[in-house]
Amino acid sequence: MTKKDLITIIIPTYNEEKFIQKCLQSVQSFLLPKDIKIEIIVIDGGSKDNTTEIVLNMIEQDKRIVLLDNPKKIQAVALNIGISKSNGEWILRLDAHAMYPSDYLKLCFETAIRTNADNVGGLIITQPGGTGYQASLVQALTTHIFGVGNSGFRTGISEGEVDTVPFGFFNRDVFEKIGYFDERLIRAQDYEFNKRIKNNGGKIWLNPGIVAQYYNQKSILKFLEKQILKEAPYNAYMWYLVPYTFAYRHAITGVFATGVLGGLALSLVSPVIKFLFLSVMALYFIVAFVSAVQQAKRFKKPLHILTLPISFFLYHIIHGIGVLTGFFRLATGTSPIQKIKEPWEGYGSYRIKLNKSLKK
């Protein structure tokens, strides 16, 4: 039996000693809607730093906080553990790598009531994950449309229906209707779930007044490593598992990488292709330079004019290679998601039903 006057807040963690205390303190400062209480469930994937010690110390002062274990160390599993243990009529999924203003929860709740949406979210304001220059470079890279495309919750968007939002404020009914998060997806599980909501006739609503401060990687190397090993391949895996999740903005880097690698190879045998390839690359770097100037002015970092163009290129080519790697592993049957069974009974038939409905 769930409590209609209770909101469950779920926070997966793994080695978050740098951020978890500030994250939880921001949650403790939430302004609550009238007659509403909260419970805070932290699900830890076996942190090897001081994350759990910090959480346990905070539990001593605030009994609303509960710490659970996530032995599989996968974020989707953590979310499903939190949902299954939750008692609230509403569920707010948060990230430990972020901080939230005091009106965050209240605005989520009011927006959900006003719009009758199945999932509500807002904007991410990306902050540097460290004090060094590289952290500010990652911030600039991920906050420009040339870098991340039409990812509205990162670059700004008007209020209305969207295909996805960061984190998410859900009525728990949605989990009973369409299932939990897909545990085969180490990455992209939020996007897949949001697309499942949409394809089941549900509504996802973005209110730009809802804002979270998110801390990105502190070095360009760590950022690019995450793209090629996790983010990009799991886009391909997600499309394979659930084709209705395909989005052009996620695939464009794969096309870019194919064009660059193919253009380099064919330029060796065809002067015409060489000319076209160099012309396209020149245009790319002109746009990259203009974007870099804009970001240098925005963040008051003149060095961005020199470093951002090459950073844009490295991001796009490495992400694209990651997407192609994902396709290659799928084609050869070596992808991790092909070795895992359906996450819960009936999920496969549910996906088949959705795919048939989309073909009509």
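Visitor: Hello! In which helix is Gln-189 found?
Guide: Welcome! This is a predicted model, where local features need pLDDT of at least 70 and side-chain atom pairs 80 or more, while totals for chains, interfaces and linings use all residues. Residues are numbered from 1 along each chain as its sequence is written, and side-chain values use heavy atoms, leaving out hydrogens and water. With helices taken as DSSP runs (H or I, at least four residues; strands are E, at least two) numbered from the N terminus, Gln-189 belongs to helix 9.

Visitor: Is Gln-189 buried or exposed?
Guide: Buried means under 20% relative accessible area, exposed over 50%, and partly exposed in between (1.4 Å probe, protein chains only). The relative accessibility of Gln-189 is 2%, so this residue counts as buried.

Visitor: Which side chain does Gln-189 join through a polar contact?
Guide: Leaving aside residues up to four places away in sequence, Gln-189 touches Ala-76, Leu-79, Arg-93, Phe-181 and Asp-182, as well as Gln-75; a contact here has heavy atoms within 4.5 Å. A polar contact is a pair of N or O atoms within 3.5 Å, one able to donate a hydrogen and the other to accept it; neighbours in sequence count only if both atoms are side-chain atoms. At 2.7 Å, the side-chain partner of Gln-189 is Gln-75.

Visitor: How many of the 11 residues of helix 9 are buried?
Guide: Helix 9 covers residues 189-199 and is largely enclosed by the rest of the structure.

Visitor: What is the relative accessible area of Phe-289?
Guide: Phe-289 sits in helix 12, which covers residues 271-299. Phe-289 is partly exposed, with a value of 42%.

Visitor: What percentage of the 360 residues in the protein is buried?
Guide: The protein has 14 helices and 9 strands, and its C-alpha atoms fill a box of roughly 70 × 50 × 40 Å along the principal axes. Among contacts with a separation of 6 or more, 79% link residues 24 or more positions apart. As for burial, the share is 54%.
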